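Here are some notes for a colleague who is opening this structure for the first time. Please read them with the model in view.

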Number of protein chains: 2
Amino acid sequence: MNYFSSNFKLGILGGGQLGKMLLSETRKFDIQTYVLDPSDEAPCKIACNKFFQGSLMDFETVYNFGKQVDVLTFEIELVNLDALEKLENEGVKVFPSPKTLKLIQNKGIQKEFYEANGIPTANFKKFASKKELLIEFIETKLPLPFVWKCTEFGYDGNGVKIVRSATDIENLPDVECIAEEIIPFKNELAVIVVRNVSGEIKTYPVVEMEFHPEANQVEYVICPARIDNKVAQKAQEVALKVSEKFNHVGLLAVEMFQTVTDEILVNEVAPRPHNSGHHTIEASYTSQFENHLRAILNLPLGNCDSKVAGIMVNLVGEEGFSGQVIYENIEKIMAIDGVTPHIYGKRETRPFRKMGHVTIVNENMDEARKVAEEVKNSIRVIS
Amino acid sequence: MNYFSSNFKLGILGGGQLGKMLLSETRKFDIQTYVLDPSDEAPCKIACNKFFQGSLMDFETVYNFGKQVDVLTFEIELVNLDALEKLENEGVKVFPSPKTLKLIQNKGIQKEFYEANGIPTANFKKFASKKELLIEFIETKLPLPFVWKCTEFGYDGNGVKIVRSATDIENLPDVECIAEEIIPFKNELAVIVVRNVSGEIKTYPVVEMEFHPEANQVEYVICPARIDNKVAQKAQEVALKVSEKFNHVGLLAVEMFQTVTDEILVNEVAPRPHNSGHHTIEASYTSQFENHLRAILNLPLGNCDSKVAGIMVNLVGEEGFSGQVIYENIEKIMAIDGVTPHIYGKRETRPFRKMGHVTIVNENMDEARKVAEEVKNSIRVIS
């Protein structure tokens, strides 16, 4: 297949920042792209060859879009699965496959998949409704606290809650959900696995994540994780196993807990470029976006090693500000060596909205960590 | 000035591969761009916010385009200078400045500028026409061989010839030209200098260039140059002096000869992103394109140091092939660690046309050099 400056067309469902960073790679290789997104102001609106405005959850819209391309991928999991299945049956290559996406889209099914395939994960129970959860709580004394997760349509901390009391349960929405054991952990880790159509598979180095205590969004992603080599190796082995069991094609970001006893438990996965891999643009020989592209086009995978240490700081909208965005002190942080801001192109900021990220790279990890803190304390996303 | 996700507009004259790689940076920062190019199939046609088709040499076209933007830059020197001057007088910021461009656009004026400012360069004589050159040759016995250069509109080896005989002179076009002493040199070197509006100035490491013997196009750019530290330092000092004497804003690529006696002589300069800096995308902390953008917007300059060794191989159209391009063996070279092809997006190949480049990065220079040769011997740009 000739992808380069040819008539080949890649379709991307979703036109947000992940798609935008993927487009940077398709431009580099001059691969034609069509993008579908519900918003007329999507960050992907430029830099693709053709932009389509429409719902990602609507069968007809996704199907009609998909019929125009040779390979179809997505940058968000919330897409119409039936359309993907029909497209695949009719010969459009869909990567990651609808079959994999089906196992991942619903967190209950995802957890059952881990259990069935011997992949270590926290204990959980699935409930069809809030009522079922309440009955279980009352009848069997479901121990408090636990982690509540709705099985569908949650992202970035939405749809995840720590339940500490009966009142907390009553305040939950009435949806299918799981109750998960709270894991006392040392670290939250992530490993990005990339696997191409032929089954060539590679992992990026393990990263370590720190979350914002309120918004439940990642604040720092640190690569490589400052953990024991044996633990890192175990994390990579688990991640490889997850990708292989899913028979996954493309990127798979595997989020994990390192428990207090150095066990590795899989938390959840994302079958696409991921926030925990943004530093790879500056820090790695091959960025996660380029490797996603290589994987779904069945090109040889690029080197996942790092050139230098990398830390990523998310730029989220400051509380108390809504409206036309201003990146306060961006010039100040750009004066520091190894600091690169990425601005996603959303005109309007609002509290906790993901507006961009900053990558800090340095030969020395301690120095990178210092700079990352300086960056975080300087830049503010306001209006 | 707020550039990020704002109403600010950057205008770029020229929509070729240099503009395309610059757009990759404006997308990263979400800076709005308008591009003007004569071709409807320009590589910059997508990824800018607004594309205008029109002549870069036409006063009205350039002027009307420039009136719509806040800062104007160019990716090619062959643009209408009068329009730039008028725009600058009317308050549009033009970087590099028309004044500098005027000194550079004409190779005769450029050489006279070096002489006047004590910048070492090969001896030369300027002639208004072929007739004047012939008279000089006959009357004063201008020694053969010499380098003939037309003073205007030459690029990539067009407009440069080694003259070895009277017949060679007779075959030259009748244009203003210079005759330049042939310098016996050890190496052709280049240093990219970046200087912002406030005068902050940095240089990239010295690179070493190898040219294709027939097409006079660069085949390998090697960073850092494998030369003595003292010579490298001298080259950087000369380059800094050139940039400062021009009072230059933006990137300035300074091409130089390292003579057999380790003198540094300036050959010529380009006031824009340059082929000798393409490796900076993968090898440097800050790419030349990002630093050009930072410079012309008066943002702090990024670190010019390298993370790893970098080598660039140009992808030029193979002799004997014209038409819809095919990048033969591109998948083979992509399987090698540290190899990144850049495809410019020109559908039609023709002999010696610049179609793309490949960057090879590695911690180890010797290894990078081996891989570069493998790349060069594998990939072919055919039709």
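**Notes on buried sites and enclosed space**

1. A:Thr349 counts as buried, because its relative accessibility is 1% (buried means under 20% relative accessible area, exposed over 50% and partly exposed in between, with a 1.4 Å probe and protein chains only). This residue lies in strand 20 (residues 348-349) of chain A, where strands (E, at least two residues) and helices (H or I, at least four) are DSSP runs numbered from the N terminus. Beyond its neighbours within four places in sequence, A:Thr349 is in contact with residues including A:Gly317, A:Phe321, A:Met355 and A:Ser383, contact being heavy atoms within 4.5 Å.

2. The model is predicted, with local features needing pLDDT of at least 70 and side-chain atom pairs pLDDT 80 or more, while totals for chains, interfaces and linings use all residues. Residues are numbered from 1 along each chain as its sequence is written, chains are lettered from A and ligands numbered from 1 in the order in which they are written, and side-chain values use heavy atoms, without hydrogens and water.

3. A:Val71, in strand 4 (residues 71-74) of chain A, counts as buried because its relative accessibility is 4%. A:Val71 and A:Val94 are 23 residues apart in sequence, yet their C-alpha atoms are 5.9 Å apart in space. Not counting residues up to four places away in sequence, A:Val71 touches, among others, A:Phe8, A:Leu10, A:Phe95 and A:Ile296.

4. A:Glu180 is among the residues that UniProt, in an unreviewed entry, lists for "binding site"; such annotations may be inferred rather than shown by experiment, and the positions follow the numbering used here, with feature names shortened. A:Glu180 is placed in strand 9 (residues 177-180) of chain A and counts as buried because its relative accessibility is 5%. Leaving aside neighbours within four places in sequence, its contacts include A:Lys149 and A:Asn267, and the record also lists A:Lys149 and A:Asn267 for "binding site".

5. In the largest nonpolar core, which has 100 residues, A:Ile360 and B:Ile360 touch the most other members; such a core is a set of buried Ala, Val, Leu, Ile, Met, Phe, Trp, Tyr and Cys residues joined through side-chain atoms within 4.5 Å. Apart from residues up to four places away in sequence, B:Ile360 touches residues including B:Ile311, B:Val339 and B:Val375.
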